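Me: I am new to reading structures and would like a close look at a single part. Please take me slowly through the place where a small molecule is held, and then show me what lies around it.

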Amino acid sequence: MPDSPIATLENVTFGYADRPPLFKALSFALRPHEQIGLYGPNGSGKTTLLRLIMGLETPQSGKVLFHGLPTDNAQSLHRLRCGIGFVLQNSDDQLFSPTVLEDVAFGPLNLGLARHAARERAMETLESMGLEKFADRVTHRLSGGEKKMVSIASVLSMRPEALLLDEPTAFLDDDSRKRITDMLQEQNIARIVVSHDRSFLEQTACSCVCIKDGCMHRWSP
Ligand SMILES: Nc1ncnc2c1ncn2[C@@H]1O[C@H](COP(=O)(O)OP(=O)(O)OP(=O)(O)O)[C@@H](O)[C@H]1O
Ligand SMILES: [Mg+2]
């Protein structure tokens, strides 16, 4: 079914240990080519929602599905994480290799590409984002904005069918913000973009939802 969801949350109830539930029977779907902006106050659960989709948190009840199938074992989680790229809120949690090229090649290596093919894929991705001059740089010595661009490259190098981006423009200057906006506008793949920046959401999402008090509703930036 061409329009069937890539990722689905079905009646998901979730709360962190010793905390009241964040979501009660929440349902949500990301379909192919859908580009959803996700807005909401600090602490409303935006990052948690992305973590639930990625199988990094487990709901107390309800289902998380990838292409209609449960994501409750190692094999299905591996498929999910090959198909959906997650750009974390904090780039230092995403990047861990000594150099930029190795960080961007890590995903393709994990997909099973041979070492030289993974490096080629990484270089191609860096070039497509105008980042080739960073290839040999030490990742942890990059600026915050440079790290964010490399984080996005490290996810795009896996050629995912969907992207989850958690506040990709936080702390970026106007030029970096524009580069990310342009890059997203060129990528016609399904995505959820979390941001507090209304004009960025307007430019990079086709529809927006707001999450507040555990509920989601359609929202216009
Ligand atoms: N590991 C955790 N253990 C306990 N509580 C947590 C944990 N992670 C997040 N929370 C709490 O869950 C709520 C939702 O957090 P989350 O990070 O999903 O919010 P957010 O909408 O992404 O916020 P922000 O806009 O600040 O990034 C917050 O109240 C937060 O304090
Ligand atoms: Mg967050």
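Reply: Let's start with one term: a polar contact is a pair of N or O atoms within 3.5 Å of each other. Please also keep in mind that this is a predicted model.

With that cut-off in hand, look at N42. One of its polar side-chain atoms lies 3.0 Å from an oxygen atom of ligand 1, so the pair falls within the 3.5 Å limit. T47 also uses its side chain: a polar atom there is 2.8 Å from an oxygen atom of ligand 1. With S44 it is the backbone that takes part, as a polar backbone atom sits 3.2 Å from an oxygen atom of the ligand. On its own, ligand 1 would expose 640 Å², and the protein buries 65% of that.

Now step back to the whole shell. Ligand 1 is surrounded by 14 residues, and the closest are G43, G45, K46, T47 and T48. By type, the shell consists of eight polar, three nonpolar and three charged residues.

The ion is coordinated by OG1 of T47 and OE1 of Q89, at 2.0 to 2.5 Å. These two residues come from distant parts of the chain, 42 residues apart: T47 belongs to helix α1 (residues 46–53), while Q89 is in the loop between β6 (84–87) and α3 (100–110). T47 counts as partly exposed because its relative accessibility is 27%. Q89 falls in that class too, because its value is 39%.

Six of the eight residues of α1 are buried, so the helix is largely enclosed by the rest of the structure. The buried ones are K46, T48, L49, L50, L52 and I53. Take I53 as an example: its relative accessibility is 3%, so it counts as buried. The C-alpha atom of I53 is 9.8 Å from that of L30, although the two residues are 23 apart along the chain. After α1 comes G55, which has a positive phi, near 75 degrees.

Then follow Q89 back to β6, the strand at one end of its loop. I84 and F86 point one way from β6 and G85 and V87 the other way, yet all are buried. Strand β7 (residues 162–166) runs parallel to β6, joined to it by four bridges. Within that pairing, F86 has L164 as its bridge partner.

One more strand is worth a look: β3 (residues 35–39). Five of its five residues are buried, so this strand is also largely enclosed by the rest of the structure. Q35, G37 and Y39 point one way, with I36 and L38 pointing the other. β3 pairs in the parallel sense with strand β8 (residues 190–194) over four bridges, and Q35 finds its bridge partner in R191. Four bridges also link β3 to strand β9 (residues 207–212), again in the parallel sense, where L38 is partnered by V209.

Methods. Residues are numbered from 1 along each chain as its sequence is written. Chains are lettered from A and ligands numbered from 1 in the order in which they are written. This is a predicted model: local features need pLDDT of at least 70, side-chain atom pairs count only at pLDDT 80 or more; totals for chains, interfaces and linings use all residues. Side-chain values use heavy atoms; hydrogens and water are left out. A residue is near a molecule or strand if one of its heavy atoms lies within 4 Å of it. A polar contact is a pair of N or O atoms within 3.5 Å; within protein, one must be able to donate a hydrogen and the other to accept it, and residues adjacent in sequence count only if both atoms are side-chain atoms. Accessible areas come from the Shrake-Rupley method with a 1.4 Å probe; for residues, only the protein chains shown count as cover. Ala, Val, Leu, Ile, Met, Phe, Trp, Tyr, Cys and Pro count as nonpolar, Asp, Glu, Lys and Arg as charged, and the others, Gly among them, as polar. Donors are N, O and S atoms within 2.8 Å of the metal (3.2 Å for Na, K and Ca); water is not among the atoms, so sites may look incomplete. Buried means under 20% relative accessible area, exposed over 50%, partly exposed in between (1.4 Å probe, protein chains only). Two strands pair if DSSP finds at least two bridges between them.
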